[in-house]
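Let's take a look at the salt bridges in a protein model. Have the sequence and the 3D view ready as you read.

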Amino acid sequence: MTGAYLDVDTLSGMAPLRVAVFSIGSNLGDRFDYLQGATNALRATPGLKVTDISSVYETRPVGLVDQPDFLNIVVLTESTLPSLVMLERALAIEDAYSRVRLVPGGPRTVDVDLIAVADRQIATDVLTLPHPRAHQRAFVLLPWHEIAPDATIVGHGRVADLLSGLDQSGVKRRDDLRVE
């Protein structure tokens, strides 16, 4: 769907409960504290319930490779919030942790991406669902597959199948770290 959209059940006018997937990453400062803090902020969001959190993965940067490694997690939620409100919350969390966007793909204190909201397909100037590069990112797919092995990305297929075609060598699970 492009342009303006309604994110409600058109028959009842009520917003249905949907599974939403967030990817959180950090490669500056206390990376683990930033992951935990961003997760806590999602948990504190009215109308958004955290249902599962992946293990922590340490990953080499993609694109601009001359920067520190990332810590990444995927957080599953359930929500009745409109997708745009979830995106606005993700951006507010980044702002709260002083996310600076100087260089595209550059280092960051925290990156909170809304990856998917159920089977929603949205393309506007401010929001694209599913996330346009999630199906190409092992650092998103591997932790997502860990906590939702049957997950799919609408328009792209099963996460497990997408993951099997990607180089996973730069993504390592950190069993010594656990976001609560």
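This is a predicted model: local features need pLDDT of at least 70, side-chain atom pairs count only at pLDDT 80 or more; totals for chains, interfaces and linings use all residues.

Side chains of opposite charge can pair when their charged atoms come close.

| Pair | N to O distance |
|---|---|
| Glu58 and Arg31 | 3.0 Å |
| Arg108 and Asp111 | 3.1 Å |
| Asp176 and Arg174 | 2.8 Å |

Let's start with Glu58 and Arg31, whose side chains meet in a salt bridge. Glu58 sits in strand β3 (residues 56-59) while Arg31 belongs to helix α1 (residues 31-43), so their pairing ties together parts that are 27 residues apart in sequence. Glu58 itself is partly exposed, at 21% relative accessible area.

Next up are Arg174 and Asp176, which also join through their side chains. Asp176 is exposed, with 56% relative accessibility, whereas Arg174 is partly exposed at 21%.

Now for Arg108 and Asp111, another salt-bridged pair. Are they buried or exposed? Arg108 has 11% relative accessibility, so it counts as buried, because the cut-off for that is under 20%. Asp111 comes out at 12%, and that makes Asp111 buried as well.

Key: Residues are numbered from 1 along each chain as its sequence is written. Side-chain values use heavy atoms; hydrogens and water are left out. A salt bridge is a side-chain nitrogen of Lys or Arg within 4 Å of a carboxyl oxygen of Asp or Glu. Helices (H or I, at least four residues) and strands (E, at least two) are DSSP runs, numbered from the N terminus. Buried means under 20% relative accessible area, exposed over 50%, partly exposed in between (1.4 Å probe, protein chains only).
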